[in-house]
Protein chains: 2
Amino acid sequence: MYALGVDVGGTTIKFGVFDEEGKLLDKSYIDTDVRGGADKICDDIAAELFRLLVANQIPKEEVKGVGIGVPGPVLNQNLVTVGVNLDWYEPVPLAEKIHERTDMQVLVENDANVAALGEMWRGGGRGYENLAMFTLGTGVGGGIVIGGKVVSGSTGSGGEVGHAPILDTPQERTCGCGGHRCLELAASATGIAARARDELSFSLDDSVLREIPVDEIKAKDVFDAAKDGDALGIKIAEETAYYLGKICAIIASITNPECFVFGGGVSNAGPYLIDLIEKNYRALAFSGASHAKILRAELGNDAGIYGAAKLVL
Amino acid sequence: MYALGVDVGGTTIKFGVFDEEGKLLDKSYIDTDVRGGADKICDDIAAELFRLLVANQIPKEEVKGVGIGVPGPVLNQNLVTVGVNLDWYEPVPLAEKIHERTDMQVLVENDANVAALGEMWRGGGRGYENLAMFTLGTGVGGGIVIGGKVVSGSTGSGGEVGHAPILDTPQERTCGCGGHRCLELAASATGIAARARDELSFSLDDSVLREIPVDEIKAKDVFDAAKDGDALGIKIAEETAYYLGKICAIIASITNPECFVFGGGVSNAGPYLIDLIEKNYRALAFSGASHAKILRAELGNDAGIYGAAKLVL
């Protein structure tokens, strides 16, 4: 049997063909045509699914189903209640629509939740059934997995850790959601760069970051500076790691996972960041849960297609 | 069919006989004999279970099973890894031991988790399948329910919200777990009273609380003072409600429950406290989850036997 995984993004839609063991047999992508509305996107997805089956000589009867990750809250593994990046402002019953077009079993989940499932199945969280995943990118996405299943939540907001109001002091900057204490403000690539710019403007201290035009500072520059011993870089890196350690310690006392997995561009700061998060986590977590592992994601941009396929397996 | 619910505490063990709809047909309690060790407690539980079956003329074949809540982490609904209040410092396979003695199906869970299940089934959370419960007593216990099932966690620490490191600034006082940022320090009866004593000693402001001998101040006094407009009482009540609202807002972005249910002695502060928590929750929670209800528990000390019975139904 085979499974098809689809990861719908605002720019591209990625596809993967998997066998039951999670071997990626083929992958492809198409552009996301947001101007045609939901039905056009569904037509495009169905067409690409059929193309992949033909190209890989897979009879439809041997397909267990199609899993789809989307950027938005999902109810009942079907209804995408809103998809801002897709220009979907009315609920879209995506599983139904793709099923109508393909006559295959279709399950839909939030993209960050699906990425967590992918990392559990074939990535950094392999071997664990209870984990929390963070995708530290432009924003902060997350997914909670308990007993091998994604926690969707009652309104599809399960694992929306980027908007957990975790900051000890509210920031002046406003999160996309309107909050001032969101994890995203401290731990997204955008948030880290903005924090660096704030620090540079408020302090007179020397910093290698002053050599970069202030509008061009990226999270990577901050971590590079920190690794080189730059005090301002270290301050921001430690603050980021503190809040990530703290949210992990809080999650430890809520769903008590076996491990926490970090992906997304910011996680490329590598062992430097992972070790700092771990230090903060061990200091803050309840002893009954403080042994949990802090790990890096391994699947990169493919986590979504892996997890989507896993949805139907 | 019937179900038997058992709530094991450090002082008493409570028993309830339920029908399948959750009607409490009979209840009883026995003293907890901690000095005899785990086997003595198991003997006592089994004897009382048999007595209840006879007294209620219930044939053993009509019993679906026995559910047990215990004060400690539980693995695989059987193994109590540690039970400090029971003097259990070695793991006790409680379900096995009670099964050996009764030949009935036995499932064991942490007592706070079981109370959450009870409130979901027949208490303040009736009609919801996704909720988080807080028991604000001497400590702060908690339970997370998703899809009608308790989240036990990978090491039995699921729902240990009392030890979530939520405080914005670490307190000088140390929590029983060793932490300085635990919710318990701000929201347990003990923590609230201690906060009041700290405030009274640090400030020179007038307060009705100064009329009470400082060592006798209770959480109830603090809330009574707050309701009467006492500034110091209000300050502490608002701080308590802020942290409870904040932990709910964080949980909203993790497991995204339909409602939060508050029980335990502190919740007797009633609508005054519930409304304050709700105000803080609405201000802090992510919009996708901010609609969730803030409710009071209804079963009081019986929540444990209800939830324990529900475990096997």
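Is Asp224(A) buried, partly exposed or exposed? Select Asp224(A): with a relative accessible area of 29%, this residue is partly exposed (buried means under 20% relative accessible area, exposed over 50%, partly exposed in between, with a 1.4 Å probe and protein chains only).

Before moving on, some housekeeping. This is a predicted model, where local features need pLDDT of at least 70 and side-chain atom pairs count only at pLDDT 80 or more, while totals for chains, interfaces and linings use all residues. Residues are numbered from 1 along each chain as its sequence is written, chains are lettered from A and ligands numbered from 1 in the order in which they are written, and side-chain values use heavy atoms, leaving out hydrogens and water.

**Stop 1**

Helices here are DSSP runs of H or I with at least four residues, and strands are E runs of at least two, numbered from the N terminus. Lys220(A) is exposed, at 58% relative accessible area.

**Stop 2**

Now pick Glu48(A) and Arg51(A), a salt bridge at 2.9 Å between the closest N and O atoms. Glu48(A) counts as buried at 8% relative accessibility, whereas Arg51(A) is partly exposed at 42%. Hop over to chain B, where Glu48(B) and Arg51(B) form a salt bridge at 2.9 Å, 3 residues apart in helix H1 (residues 37-55).

For a network of salt bridges, select Asp39(A), Asp43(A), Lys97(A) and Arg101(A).

**Stop 2: where the chains meet**

Show both chains: 40 residues of chain A are in contact with 40 residues of chain B (heavy atoms within 4.5 Å). The buried area is about 2900 Å², with 63% from carbon and sulfur atoms; this is the accessible area (1.4 Å probe) that two parts lose on being put together, summed over both. Highlight Pro165(A), Ile254(A) and Phe286(A), which lose the most area on the chain A side, together 23% of what that side buries.

Which salt bridge can you find with Arg181(A)? Its side chain meets that of Asp168(B), at 3.5 Å, N to O. The interface has 2 salt bridges. Finish on H7(A), which gives the most to the side of chain A that touches chain B, with 7 residues.

Key
A salt bridge is a side-chain nitrogen of Lys or Arg within 4 Å of a carboxyl oxygen of Asp or Glu.
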